[in-house]
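Hi,

Here is the structure I promised to pass on.

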Amino acid sequence: MSGDDLKLLLEQAEAEISTADAARIEALRVSLLGKNGAVTNLLKSLGGMEPEARKEAGARINHFKTQITDALFARRAVLDEAALTARLAAERVDVTQPPRPEPTGTLHPLSRTVEEIAAIFGAMGFVLKEGPDIESDWNNFSALNIPSHHPARAMMDTFYLQAAPNERPAVLRTHTSPVQIRTMLEWAAKQAAGEPVAPIRIIVPGRTFRADHDATHSPMFHQFEGLVIGPDITLAHLKGCLIDFLRAFFGVPSLPVRFRASYFPFTEPSMEVDIGWNKRTGEIGAGTDWLEILGSGMVHPNVLANVGIDPRKYQGFAFGVGLERITMLKHGINDLRLFYESDIRWLRHYGFAALSPASLHEGI
Ligand code: DAH
């Protein structure tokens, strides 16, 4: 191939390369520089030449090859640059755009009540305790001085689990009171082992279960239990503690609180606690009506004896409160079933911002 032919070939190739896209560039590289490409074949043809002619032609062909290689490289660089520019433009993030509103969840009103209870009783030196949903018959009933003929034990009230032959069936706990038993047993065992023990002061929120279902009863509901045990605990402590709690929780500093004699198997004396409200308007702390809120009493000596605590040395008080009930009263919720339906509209309305602290009007 003459020098002129080669020059012509180079011009043609360069013209083609200058407008080629990425795929075409690769095709041209193969057809020019590849194993059977034009340049390779030219180089192969050198073998049959005279030494002088070979030297001259070899230099020409190699120069041609360099030109082609450079042209391909340059075009590829232009294409890569253009592709990158296009990508940067397409993928740009506008950091000045306002954020899209994201849906945020809310804290369930029951969770909120537990937080408030923890805050109020925490300030009075109580610690939070938990117990299992599945309880032994002894912890749930017998140890709490609930006799075997008591209606709370009846099949129609209680969810019993399948029992092994000759064993008492376990139950889904019907109240949070069995955690009193668990706590006192641990406490008595520590004391028996000579370990130092502080008086018991616990608050126990948790799930409870009864075979009941209507607008104000659910087979699963929540309670919280309180227990205080020490050498010198009196009924005055019980009253002061519960009055402070109710006034702080409902945010009414002068809330009327009434203690009414009642009966629970595990306390003696027992009292139901009422607050003043207006039955017609639902306003709490106003009006002349009374509303029952919780059960309480001095821990029965039989219960203390059942867990190995000497009732002549120690005494204390306990109380149990329905979490749904006080939450419904505080927030004007009138159907218990809505607590468990996970209706997003209801949760948005009655829920609380997750990060807002449990602020109490009359925090202690
Ligand atoms: N366990 C009782 C219930 O579920 C509530 C209760 C009443 C708990 C009096 C107590 C108490 O600790 O002293 O109805």
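This is a predicted model: local features need pLDDT of at least 70, side-chain atom pairs count only at pLDDT 80 or more; totals for chains, interfaces and linings use all residues.

**What I found**

Strand E7 and strand E8 (residues 267-277) pair in the antiparallel sense over 7 bridges. Strands here are DSSP runs of E with at least two residues, helices are runs of H or I with at least four residues, and both are numbered from the N terminus. Two strands count as paired if DSSP finds at least two bridges between them.

Local features need pLDDT of at least 70 and side-chain atom pairs count only at pLDDT 80 or more, while totals for chains, interfaces and linings use all residues; side-chain values use heavy atoms, leaving out hydrogens and water.

Back to the sheet. It is open, has 7 strands in the order E2-E5-E6-E10-E9-E8-E7, and its pairing is mixed. Strand E2 (127-128) and strand E7 (257-264) are the edges: each has a single partner strand, so one side of each has no neighbour in the sheet. Strand E6 (residues 220-230) and strand E10 (residues 315-322) run antiparallel and are joined by 8 bridges, and Ile-229 stands opposite Gly-316 in E10. E10 also runs antiparallel to strand E9 (residues 289-299), with 5 bridges; there Gly-297 faces Ala-318 of E10.

Now the inside. The largest nonpolar core has 43 residues, and Phe-121, Phe-224, Phe-245, Leu-246 and Phe-250 have the most contacts inside it. A core here is a set of buried Ala, Val, Leu, Ile, Met, Phe, Trp, Tyr and Cys residues joined through side-chain atoms within 4.5 Å. Buried means under 20% relative accessible area, exposed means over 50%, and partly exposed is in between (1.4 Å probe, protein chains only). Helix H8 (residues 235-250) gives the largest share of this core, 8 residues. Apart from it lies another core of 23 residues, including Leu-227 and Leu-304.

Which residues does Phe-224 contact, leaving aside neighbours within four places in sequence? Among them are Ile-117, Phe-121, Ile-203, Phe-245, Phe-319 and Ile-326, where contact means heavy atoms within 4.5 Å.

Two residues make a handy pair to click on. Thr-208 is in strand E5 (residues 200-209) and counts as buried at 0% relative accessibility. Not counting residues up to four places away in sequence, Thr-208 touches residues including Arg-173, His-175, Phe-221 and His-222. Lys-44, in helix H3 (residues 38-45), is exposed with a relative accessible area of 53%. Leaving aside neighbours within four places in sequence, Lys-44 is in contact with Lys-35 and Asn-36.

Finally, the whole chain. The domain assignment, automatic or from a database, gives domain 1 (3-90) and domain 2 (106-363), and 88 Å separate their centres, taken over C-alpha atoms. The radius of gyration is 42 Å, whereas a compact globule of 364 residues would have one near 21 Å (taken over C-alpha atoms; the globule rule is 2.2 Å times the number of residues to the power 0.38). Along the principal axes, the C-alpha atoms fill a box of roughly 125 × 55 × 40 Å. The chain has 11 helices and 11 strands, and 38% of its 364 residues are buried.

Cheers

Key:
Residues are numbered from 1 along each chain as its sequence is written.
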